[in-house]
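Me: I have a model open and want to learn how to read its features. Can you take me through a few of them?

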Amino acid sequence: SHDSRGRRPHGCCCAGVKNKNNNKSEKHMRTFFCLRAVRRPSGMRHSCSRAALPIALLIAGQAQANNGVMLPGYGAKAVGMGGVSIALPQDAAASANNPAGMALVANRVDFDITFIRALIESEVGPGRYQDTADVAVPTGGFNRVINEDFSWGVSMFAQGVLLNYKEPVFGSRNTKSDFQQTVLAPTLTWRVSPGHYLGFSPRLAHQRLEVAGLEGLGFATPGSDKAYGGGFALGYLGEVNDRLSIGVTYSSPIWFQKLDRYRDLIPKGRLNMPQVAGVGLAYRITPAITLAADFQWINWSDEKTYGNRLTEGGQFGDSDGPGFGWRDQRIARFGAAWELDRHWTVRAGASLASELIPDSEATMASLAPLMQREHYMVGTTYAFDSGLELTGSYMWAPGATVRGEGGSAGTNVSAEVDNVFNLGVGYRL
């Protein structure tokens, strides 16, 4: 099931928000990648996050866009075909999708950057806010075959938010928040029998949070704090026959230490990432054409910061304190890849998700405008005989709006992604 070059033949959105208030000078709210914020209910208290994976690492993971704080797809080739990847590993970012997929990408190194331009518009009472954000999100990985039964590799990915109003909004200081979370995923795969592979990936993570300007909401201890966390991911990938492959994967929550400085702001003082499960199929219609589909579930509601409603009932920092009110997501991804010749491959796909943010949680959505649920992608790869591969893709996400009701009445938030480009380089070692 490999071609003559040893390859398998498979072939967000956050933004800065520049706020303009009817009675105020310009404010700026810039949200990097896609992330989460931790905010307040009627008092509108918030703690945001930012994800900026150091480019110096050269192997960075994804930051997010629109499947909550997660990107619709990880890896340059997957991005070009709707994010489909659980049964169709194509590069060394495969561990972010299904650890078992690293068994089939051979010896290689990959790096890509996703460029996002997004327009955010918010109405909060009489105030109107808008901005166009331009952000760059790096991703990558490395993989090495040990022998015919084992391989090892590493992928890295991240999430977060950067927000700065540049003036006092909720207190006496300029209101700002800076959150960074980076995950390292070393991966080992094992061929349990011909065509059947298992993968295991411990996930080691670091996060840093700094919030200021919330004195009016009862949070008067600005400054930075950091925490370490961990989790794991498991995966299976099986080649049923020469045409059909199936994949199954599960990622545990990433459990973090408590951020002591922020124990009175976010529920239980913790910013954990949720558990994720998925299944996938890939079918080769011909040696050159592959169709694939994934179904994924993200358990946002079990993590207090994401799942607690605006009107949960408790005080900030309590286990039942205010959160974002996000619902669990169910995501269907579809994609196709066509190898035109030994150099060119073209791809297309779509990612369709269930509702994440109900209208009752529009207040928090003004600080984390991640309501878009549809993503459509096209992409292509050119493979050089030397082993170098260049990949590019384009993604379009139709605009979406949440219109506040109940406790969020009077708040309407819209998000529209104008352009998302991904450029990647890979090398078959």
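Predicted model: local features only at pLDDT ≥ 70, side-chain atom pairs only at ≥ 80, totals over all residues.

Reply: Start with T114: its relative accessibility is 6%, so T114 counts as buried, the cut-off being under 20%.

Me: Where is T114 found?

Reply: T114 sits in strand β5, residues 108-124.

Me: Which side chain has a polar contact with the side chain of T114?

Reply: The side chain of N422, at 2.8 Å. Beyond neighbours within four places in sequence, T114 is in contact with V135, A136, V137, V420, F421 and N422.

Me: How do I read a nonpolar core?

Reply: In soluble globular proteins, nonpolar side chains tend to be buried together. Here, the largest nonpolar core has 41 residues. V69, M70, W300, W326 and M371 have the most contacts inside it. At least two residues of this core come from each of β6 (127-145), β8 (174-193), α3 (362-365), β18 (388-403) and β19 (411-428). A second, separate core has ten residues, including L209, V211, A227 and I266.

Me: How many aromatic pairs does the structure hold?

Reply: Ten. One of them is Y382 with F384. Their ring centres are 4.8 Å apart and their planes lie at 75°, so the pair is edge-to-face; the cut-off is over 60 degrees.

Me: Which residues form an aromatic cluster?

Reply: W300, Y306, F324 and W326 form one. Of these, W300 and W326 are also among the residues with the most contacts inside the largest core.

How values were computed:
Residues numbered from 1 in each chain as written. Heavy atoms only, no water. Core = buried A, V, L, I, M, F, W, Y, C linked by side-chain atoms within 4.5 Å. Buried < 20%, exposed > 50% of the residue type's maximum accessible area, 1.4 Å probe, protein only. Helix = DSSP H or I, 4+ residues; strand = E, 2+ residues; numbered from the N terminus. Polar contact = N/O pair within 3.5 Å; in protein donor to acceptor, adjacent residues only side chain to side chain. Contact = heavy atoms within 4.5 Å. Phe/Tyr/Trp six-rings, centres within 6.5 Å; stacked < 30°, edge-to-face > 60°.
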